[in-house]
Amino acid sequence: PVTLKVGRQELSYGDERLIGAFDWNNLGRVFDAAKLRFENETLWVDAFAGRVVLVDANNFNVANDYDWFSGVYASTKTLCPKQETQLYFLARNTATGSSTANAPAAPQAGGPPARDIYTIGLRVKSLPGAFGNWDYDAELAGQFGRFVSAGSSLDQEAFAAHLAGGYTWKDTIWSTRL
């Protein structure tokens with residue numbers, strides 16, 4: 001029930017709004033990370049910590065040693081019937097050397113300025129077929145912490161919400177969805 005994955009890897013959770021490889025981007029996001037997973041028939045829980053890998057077209061890509069991303073992400077299909085429920089806590093801790101990491105000629109040289117940002121969230125999504133042709137998903141996330149901008153330390157407070165519902169016509173040629 002326990003697995004450990006260490007090394008360069010993608011981290012993808014939920015609908016990849018907050019954590020994902022970003023396949024739509026020219027440069028996907030990867031991490032040099034360690035991820036510990038516990039999984040049984042009712043839930044799974046991931047705990048991870050890693051560093052964002054900076055892309056450099058002319059050299060071997062290396063992680064930003066000053067930029068740490070860590071968190072705990074859990075999912076269960078048994079807490080509420082007919083839906084998958086996910087809870088998460090994320091941390092982005094970046095030291096002052098982050099913005100000058102790696103060669104300045106690299107496309108993504110350097111990272112964000114110093115910050116300690118924390119995110120807590122909840123995501124719910126209906127299980128396939130639980131409501132016939134109807135489905136839903138929703139996500140709420142709150143963020144707090146501090147970051148440095150132009151030499152000043154500022155508070156970070158943010159909130160994000162997403163709500164979606166749909167209907168899929170399954171007896172048509174292309175499974176049309178609205």
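This is a short walk through one predicted protein chain, from the overall fold to a few residues.

First, the ground rules. The model is predicted, with local features needing pLDDT of at least 70 and side-chain atom pairs counting only at pLDDT 80 or more, while totals for chains, interfaces and linings use all residues. Residues are numbered from 1 along each chain as its sequence is written, and side-chain values use heavy atoms, with hydrogens and water left out.

Now the chain as a whole. The secondary structure is zero helices and eight strands, where helices (H or I, at least four residues) and strands (E, at least two) are DSSP runs numbered from the N terminus. In sequence order the pattern reads β-β-β-β-β-β-β-β. The C-alpha trace spans about 55 × 35 × 35 Å along its principal axes. There are 178 residues, and 33% of them count as buried; buried means under 20% relative accessible area, exposed over 50%, and partly exposed in between, with a 1.4 Å probe and protein chains only. The accessible surface is about 10,800 Å², and carbon and sulfur atoms hold 59% of that. Those areas come from the Shrake-Rupley method with a 1.4 Å probe, and for residues only the protein chains shown count as cover. On contacts, meaning heavy atoms within 4.5 Å: among those between residues at least 6 apart in sequence, 51% join residues at least 24 apart.

Next, strand pairing, which requires that DSSP finds at least two bridges between two strands. Strand 2 pairs with strand 3, residues 43-54, in the antiparallel sense over nine bridges. These two strands form a hairpin with three residues between them, and Glu39 stands opposite Trp44 in strand 3. Strand 3 also pairs with strand 4, again antiparallel, over 11 bridges; there, Asp46 has Tyr73 of strand 4 as its bridge partner.

Further along, strand 5 (residues 83-94) and strand 6 (residues 115-126) run antiparallel and are joined by 12 bridges. Leu90 stands opposite Thr119 in strand 6. Strand 6 then pairs with strand 7, residues 134-149, over 11 bridges in the antiparallel sense, with Lys125 opposite Asp137 in strand 7.

Is Ser75 buried or exposed? Its relative accessible area is 4%, so Ser75 is buried. Leaving out residues up to four places away in sequence, Ser75 touches Thr42, Leu43, Trp44, Glu84, Thr85 and Gln86. With Glu84 there is also a side-chain polar contact of 2.5 Å. A polar contact is a pair of N or O atoms within 3.5 Å; within protein, one must be able to donate a hydrogen and the other to accept it, and residues adjacent in sequence count only if both atoms are side-chain atoms.

Last, the surface. Which residues make the nonpolar surface patch of about 560 Å²? They are Val2, Leu4, Val6, Leu36, Phe38 and Leu43. Strand 1 (2-9) and strand 2 (31-39) are the elements that give two or more residues to the patch, and strand 1 has the largest share, three residues. Patches use residues with over 30% relative accessible area and no salt bridge, joining like charges within 9 Å and nonpolar side chains (Val, Leu, Ile, Met, Phe, Trp, Tyr) within 5 Å. A salt bridge here is a side-chain nitrogen of Lys or Arg within 4 Å of a carboxyl oxygen of Asp or Glu.
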